[in-house]
Amino acid sequence: MPKPHGLDNGLTNYGDRDFARFLRRSFARSMGISPGLLDKPVVGIAMTPSGFNNCHRGVPELVEAVSRGVLAAGALPRPFPTVSLGEVFLNPTSMVYRNLMAIDTEEMIGAQPMDAVVLIGGCDKTVPAQLMGAVSANRPAVQLVTGPMSTGRHRGQRLGACTDCRSFWAKYRAGTVDADEIATVEGRLSVTQGTCAVMGTASTMACLAEALGMSLPGTAAIPAVHADRLVAAEASGRAAVGLIANPITPDRIVTERSVENALRVLMALGGSTNAVVHLAAIAGRRGIRITNQRLNAISDETPVLVDLKPVGEGYMEDFHAAGGMGALLRELKPLLHLDTIDVEGRTLAERLDEPLDWVDRSVIRPFGDPVSAVGGLVALSGSLAPDGAIFKRAAATPALFESEGRAVVFTGLDDLARRIDDPDLDVRPDDVLVLQNIGPHAAGMPEAGYLPIPRKLAQAGVKDMVRISDGRMSGTAFGSIVLHVAPESAIGGPLAAVRDGDRIRLSVKEKRIDLLVEEDEIRRRLAEVVPPPALARGYKALYRRTVLQAPEGCDFDFLTAEGH
Ligand code: FES
Ligand code: MG
């Protein structure tokens, strides 16, 4: 068994190693730590509280509980800050900063003297960033999530961020909810600490972290305010100490097989489209690539079993009470690779051998009686998206699955804002709304792919239309929306060639999205595309220069396994 290094980890040796150790211990003593504790193994705790991150309001208490677990198991806890990303407080989009947080996490795990690390994240981009960083740092690591928010109440109805934020806003736009009521609802949507209350990106990623084996079993869905969340934090601290004695590095946990398990879980959850990008980025750190064919094969074999918003009815608090990930994984067992291991060194088979006390079948359906017989997401390809696009069929209108319509094109976010509500906009309910130039290279891939229904159609009662872009949408959104079109329009993807009035055909059955324009004409139009200029300085310049497309997880080219 390799000896833990404790504070001696990564001691710089500029000639006098003993002096370096003396100096480090002396400075550690200034934090009031007794000499005996300085000899213990060290568990870092990546902490992410921020006045700009409501979802992480409970992090200080979680740090305390993790520390308790670490101390009780005989090691020294050392919390350290990293970048924190609060989804709705970042401009132009939190997605731009996921890779920054991943770099920060990787480098601070590597540079500071720790034998293992507990990563505390929750809000959408934070768990992907921490997992990307941890996989690349490859030091023993345990992911702990902040947990989902509890619901609020409004006139007898339960409300949860942020699917209900969208449905209320849509009613307000359509004129069925007035200004007074929307002001009241504002205070009833997000009523506790923790991440969005539905199966959005944060909850999906929490479940995928557990499916990968990077979080302790049964911890993904515990509500943020529940006492068991603190118990899970304490246990995560203890597990991190366990990983020092019996080192299991992330490269043994995040494997092709565990990534496939995570993808199965994503499908069965009816989970967020964003998770496809994040999982590709995490897997990419190990050189693992999820092809569109594999994604579709898994989707076609895996039923949606979890009945939560935005796809179904319930909230994350219901999922937890219903049996959570333990219950879901047992239903999926025949489809899973059971020899994958988790942060406790247990195989999935061993975990699933333990009996479950109870499952609420109205929330977590039996395999034979699913919410939907096929998985929530499909990858499309075709002349409009040669490298693929993502469609969340579970959150879409089946009547639009096989459809053809006239394109109504917006060339960017400003154009969209200017014209979408124009009463003179030439748009009909069976048109296809197209938004260009919101891909990773052009705009950092904001969640603008959920184009609003033009006001005049919304007021006429139109609830859904086919909408296409190279951007993303929020994991809490719903609608017939084609996302992540690759290559993106700004670097010459065919999406850039679409003009008002062109015909576009969507076929979910054939998994195709096609621009019905002659190939030569598409090529001629694309020759006129002018890519956005290189930026001169700073992180955004680095971003534009090195960001990969959605199928590679929008990671930076120099951070993937191939980039090493
Ligand atoms: Fe943080 Fe939704 S805003 S999870
Ligand atoms: Mg979100």
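Visitor: How far apart are the end C-alpha atoms of residues 40–350?
Guide: This is a predicted model, where local features need pLDDT of at least 70, side-chain atom pairs count only at pLDDT 80 or more, and totals for chains, interfaces and linings use all residues. Residues are numbered from 1 along each chain as its sequence is written, while chains are lettered from A and ligands numbered from 1 in the order in which they are written. Residues 40–350 are 49% helix and 9% strand, where helices (H or I, at least four residues) and strands (E, at least two) are DSSP runs numbered from the N terminus. The end C-alpha atoms of this span are separated by 31 Å.

Visitor: Which feature does UniProt list for residues 40–350?
Guide: The entry is unreviewed. UniProt positions follow the numbering used here, feature names are shortened, and annotations may be inferred rather than shown by experiment.

Visitor: What is the strand content of residues 363–554?
Guide: UniProt, in an unreviewed entry, places "domain: Dihydroxy-acid/6-phosphogluconate dehydratase C-terminal" here. The end C-alpha atoms are 33 Å apart.

Visitor: Is strand β3 enclosed or open?
Guide: β3 covers residues 116–121.

Visitor: In β4, which residue is the bridge partner of Ile 120?
Guide: Strands pair if DSSP finds at least two bridges between them. β3 runs parallel to β1 (residues 42–47) over 4 bridges, with Gly 44 opposite Val 117. β3 also runs parallel to β4 (residues 141–145), over 5 bridges. There, Ile 120 is bridged to Leu 144.

Visitor: How many C-beta neighbours does Gly 122 have inside 10 Å?
Guide: Gly 122 sits in the loop between β3 and α5. Beyond four places in sequence, its contacts (C-beta atoms, placed from the backbone, within 7 Å) include Cys 55, His 56, Thr 146 and Thr 195. Gly 122 counts as buried because its C-beta neighbours inside 10 Å number 32.

Visitor: Are α5 and α12 roughly parallel or antiparallel?
Guide: Axes are lines fitted to C-alpha atoms, for helices over the stretch in contact, with angles from 0 to 180 degrees between N-to-C directions. The axes of α5 (residues 126–137) and α12 (residues 274–284) come within 8 Å and cross at roughly 10 degrees. Angles under 35 degrees count as roughly parallel, over 145 as roughly antiparallel, 65 to 115 as roughly perpendicular and the rest as oblique. The two helices are therefore roughly parallel.

Visitor: Which α12 residues meet α5?
Guide: From α5 come Pro 128, Leu 131, Met 132 and Val 135. Their partners in α12 are His 278, Ala 281 and Ile 282.

Visitor: Where is His 484 placed?
Guide: Phi of His 484 is near 60 degrees, a positive value in a residue other than glycine. His 484 counts as buried because 31 C-beta neighbours lie inside 10 Å. Its place is in strand β12.

Visitor: In β12, which residue is the bridge partner of Ile 390?
Guide: β8 (residues 385–392) pairs with β12 in the antiparallel sense over 3 bridges. Ile 390 is bridged there to Leu 483.

Technical notes
Contact = placed C-beta atoms within 7 Å. Buried ≥ 20, exposed ≤ 12 C-beta atoms within 10 Å, placed from the backbone.
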